Amino acid sequence: MNNIPPPASADELLQIWAPDDSVWSSWVKPVPFAFWPRPLVLEVATLRAHILPEMFPPASAGRAIVLDLPGAEVVRGGMMLAAKGYRPIPIFASCPGAPLSAASLPATVDVDALISALAVESNALATMPLTPEAPPVFLLDACRLEPRPLLPDHWFENRSAVFPGDFPSAAKLRELGISSVLIMRDTAYTRNRDLGHALNHWRRAGMPIEVIDPLGAAASIKWPLGAFATFLHNFALRLKLRRHRLGGYGGIMSESSGG
């Protein structure tokens, strides 16, 4: 972290994370950037010590990375990989509630920590000599679909999910020089079954996919049994998730029961 203040406007912050010259900028979700500026969270998660650059291939290997880690930690992981030559691509669809204050509504997903991490890391990212063709590291918040905690009435329900359209096709990956994918996912977050449905089009197209956990051990993803299973999954998610008027997901709920 440095003492240089983050960009003053949402457009400036988004431009750093989705620069015009990057071939992957089209897949950066603008949702969290739309809520900048807002008060910074002073204490945000750091990357756990055992996740090391050596666990990932060099940027020249033609691999895309998917990081599915909780909260602001995934932004820290993206910055670690940016130092190796990867382009961080945030795919965050949860909206924050009201700006942090004593009167803020409790929210299911802590988006303020994510926004703060994006803002604080922006100056460092802007100075990195990443090429327009730098391979992507897609950043996902592993907390996006966790069961909501027991919250008071009128809380802010902002759980979100990823869908196939949030990622480039296998053909597009190959066109842009990607021949395989490495996924690091935190297996403690068991509700993230959306990832298998969202990335199944890569698997069906023959894209080699390796999955590891944060310790570097082999892990797995629950892949859907077929196209109809994915259709039912996506339909159920769209019924459960609450759309926000500015895009992404977030809305005030009137009851606190349920999980």
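Which helix gives the largest share of the lining of the largest pocket? Keep that in mind as we look around this predicted model.

## The largest pocket

The answer is α6, which contributes four residues to the lining. Two helices, α5 (194-204) and α6 (227-240), each supply at least two residues of the lining.

What kinds of residue will you find around this pocket? Its lining divides into six nonpolar, three polar and six charged residues.

## The sheet

Now turn to the strands. Five of them form an open sheet, and if you follow the order you read β2-β3-β1-β5-β6. The pairing in this sheet is parallel. At the edges sit β2 (87-90) and β6 (209-212), each of which pairs on one side only. On average, neighbouring strands of the sheet are turned by 20° against each other, direction ignored.

You can pick out a bridge by finding Val-181, whose partner in β6 is Ile-209.

Helix α2 (residues 73-82) lies across β1, β2 and β3 (136-141), and it runs at about 155° to β1.

## A space inside

How many cavities of 30 Å³ or more does a search of the whole structure find? There is one. About 80 Å³ of space lies in this largest cavity. Of the 13 residues that line the cavity, Ile-91, Phe-92, Ala-93, Ser-94 and Ser-160 are the closest to its centre.

Helix α3 (111-126) and strand β3 each give at least two residues to the cavity lining. Sorted by class, that lining has eight nonpolar, two polar and three charged residues.

## A serine in a loop

Finally, find Ser-22, in the loop between α1 (10-17) and β1 (63-69). Is Ser-22 buried or exposed? Its relative accessibility is 7%, and the cut-off for buried is under 20%, so Ser-22 counts as buried. Which residues does Ser-22 touch, leaving aside those up to four places away in sequence? They are Arg-87 and Pro-132.

Terms used
Residues numbered from 1 in each chain as written. Predicted model: local features only at pLDDT ≥ 70, side-chain atom pairs only at ≥ 80, totals over all residues. Heavy atoms only, no water. Buried < 20%, exposed > 50% of the residue type's maximum accessible area, 1.4 Å probe, protein only. Contact = heavy atoms within 4.5 Å. Pairing = 2+ DSSP bridges. Axes fitted to C-alpha atoms, helices over the stretch in contact; angles between N-to-C directions. Nonpolar A, V, L, I, M, F, W, Y, C, P; charged D, E, K, R; others polar. 1 Å grid on protein atoms, 1.4 Å probe; cavity = no way out; pocket = protein on both sides within 12 Å on 5 of 7 lines; lining within 4 Å. Points joined across faces, edges and corners; volume = space filled by probe spheres on them.
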